[in-house]
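Subject: Structure for your review

Dear colleague,

Please find below the structure that I am handing over to you.

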Amino acid sequence: MTVLILILATVMTAKSAAVSGIPRSHADSLASRQVVYDDRVVTFSTVSHEVMMKLYGEASYRGMSAEQAVASMILYPDEWKSMPLMKVGDAGLRRQLGLSGKYASMTDLFDAEGRYRLDPLLERTAEERERRPLLELDEKAGLMILLWGGMLFEPYDADVGGKDTGKGEHKELRPLSPARVRGEIIYNRFPAGKILFILLFSASAIGFLSSLTSLRLISLGVALQWIAVILATWQYGMIWWLGDHIPLGTMQDTLLLMVVAMLWLLSIFPLLLRKGRGGDRLLLLRSCGWLACGAFALVAWLNAANPAVTPLSPMLASPWLSIHVTIMMISYALLVMCSAAALAALLSGRGDRGELLHRTENHLLWPGVLLLAAGIFTGAAWASTAWGRWWAWDPKEVFALVSLIAYSVPLVPPLGERLGARGRDIYLIAALLTILMTYFGVNYLPSIHAYTR
């Protein structure tokens with residue numbers, strides 16, 4: 001059926017960069033077609049974008065749009081089997097497969113006798129870190145097989161209006177409104193994630209340059225910050241709207257939520273502390289905050305280049321997820337900004353500016369710690385509904401508790417006084433490592449916590 005609808009919509013072909021493909025105009029006409037994908041109705045544009053990002057890491061291929069490439073793959077499977085389309089990031093795996101570049105074709109994964117080359121490699125590899133690139137490539141190969149077999153998605157039939165889930169249930173599927181169709185196409189074609197981290201890194205560079213020189217460019221940095229606030233909020237809102245659920249199930253979602261929270265803190269908090277021209281004394285805090293936001297936005301964008309193609313896990317459907325993850329992300333945003341304030345205070349030295357930044361640390365540290373504690377408790381409630389137990393010594397849970405203890409130390413009067421102002425700044429900067437370990441480092445340890453859709 002998938003091939004049939006594409007053939008009906010596409011009556012002529014064209015050559016693009018020696019690749020069998022359909023003309024761009026016909027691909028654009030397919031973009032708004034509604035299909036059933038991942039048990040939901042989406043546009044062909046959304047399917048094409050996710051497939052290309054998963055396989056190739058980019059939304060275009062040799063000058064072809066995502067819709068153009070995916071439609072051409074379906075119509076010309078024999079020609080596309082030999083195209084280097086699947087990105088292989090691991091250099092060792094590329095050597096094992098004998099690849100000359102960073103991309104593998106489907107024919108590269110089979111030997112002369114037609115045997116699948118990844119199976120023996122997976123059987124011989126026991127180390128989790130070495131198996132990961134093999135499993136990622138195997139997933140990409142499986143995605144192409146589903147695409148060519150017509151099992152990845154199917155045309156939406158408005159007369160049916162539902163789909164058998166295979167469990168005796170019938171899920172209601174409703175057509176997308178014209179606004180949703182336009183929204184999906186705009187979101188897929190607008191590189192919001194890439195623009196976001198470029199804006200933030202640019203603002204950070206401008207901020208540090210203004211701090212170290214006599215140049216007065218802070219207004220430009222603040223302008224870029226407000227553009228980033230609007231863009232990040234729009235991006236997160238679009239993901240929420242188009243996905244029909246609060247976006248908290250992937251690393252991209254949670255990182256983007258953290259960036260949104262940090263940017264609003266950076267935008268509002270200095271205004272609350274401003275007395276006359278006192279807000280200018282927070283320039284270093286702004287600069288450090290912009291740098292941190294840019295780093296998180298970059299990781300979110302990189303994570304979006306490898307989207308999950310599996311259905312939403314049942315454990316992520318719990319209402320406790322929204323409460324837990326939202327609280328945790330806001331607490332992390334507050335504590336990261338607290339560490340950024342400590343770095344800014346350390347760079348500023350003594351004086352009025354340093355005193356203002358130290359007060360900023362206190363204003364951020366208390367709510368950050370309290371929210372982190374609340375997040376751990378709500379996480380236990382979520383664990384009880386998802387896994388049937390309140391606590392397990394899982395790496396992510398353990399390091400979340402370590403983060404709570406680490407950031408609580410300066411709040412204990414005897415310990416905080418013993419650290420002193422400079423020691424406190426250094427300590428809070430080092431405490432940031434616990435959050436980085438909690439959020440990123442545990443992904444390299446055996447953990448039941450994984451970012452899946």
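Accessible areas in this message come from the Shrake-Rupley method with a 1.4 Å probe. On that basis, the accessible surface of the protein comes to about 21900 Å², and carbon and sulfur atoms hold 62% of it. Please note that this is a predicted model.

Overall architecture

The protein has 17 helices and nine strands. Of its 453 residues, 48% count as buried. Among contacts with a separation of 6 or more, 70% are between residues 24 or more positions apart.

Nonpolar cores

The largest nonpolar core has 74 residues, and Leu-196, Met-262, Leu-263 and Tyr-332 are those with the most contacts inside it. Elements that give two or more residues to this core include helix 10, helix 11 (218–243), helix 12 (251–273) and helix 17 (413–439). Helix 14 provides the largest share of this core, with 16 residues. Leaving aside neighbours within four places in sequence, Leu-263 is in contact with Leu-200, Ala-228, Val-229, Ala-232 and Cys-293. Another core, of 45 residues, lies apart from the largest one; Ala-27, Met-64, Met-86 and Ala-141 are among its members.

Salt bridges

The whole structure contains nine salt bridges. One of them joins the side chains of Arg-189 and Asp-28 (3.5 Å, N to O). Arg-189 lies in helix 9 and Asp-28 in helix 2 (residues 24–30), so this pair ties together parts that are 161 residues apart in sequence. Arg-189 is partly exposed, at 44% relative accessibility, and Asp-28 is also partly exposed, at 33%. Both residues belong to a network of salt bridges that links Arg-24, Asp-28, Glu-67 and Arg-189.

Strand 3 (residues 34–37) and strand 4 (residues 40–43) run antiparallel and are joined by four bridges. They form a hairpin with two residues between them, and Asp-38 in the turn has a positive phi of about 60 degrees. Tyr-37 has Arg-40 of strand 4 as its bridge partner. The side chain of Arg-40 also meets that of Glu-50 in a salt bridge (3.7 Å, N to O). Glu-50 lies in helix 3 (residues 44–55), so the pair ties together parts that are ten residues apart in sequence. Arg-40 is partly exposed, with a relative accessible area of 21%, whereas Glu-50 is buried, at 13%.

Surface patch

Ile-186, Phe-190, Ile-195 and Trp-234 form a nonpolar patch on the surface, with about 330 Å² of accessible area together. Phe-190 sits in the loop between helix 9 (178–189) and helix 10 (192–212) and is partly exposed, with a relative accessible area of 37%.

Yours sincerely

Notes
Residues numbered from 1 in each chain as written. Predicted model: local features only at pLDDT ≥ 70, side-chain atom pairs only at ≥ 80, totals over all residues. Heavy atoms only, no water. Buried < 20%, exposed > 50% of the residue type's maximum accessible area, 1.4 Å probe, protein only. Contact = heavy atoms within 4.5 Å. Patch = residues over 30% accessible without salt bridge, like charges linked within 9 Å, V, L, I, M, F, W, Y side chains within 5 Å. Salt bridge = Lys/Arg side-chain N within 4 Å of Asp/Glu carboxyl O. Pairing = 2+ DSSP bridges. Core = buried A, V, L, I, M, F, W, Y, C linked by side-chain atoms within 4.5 Å.
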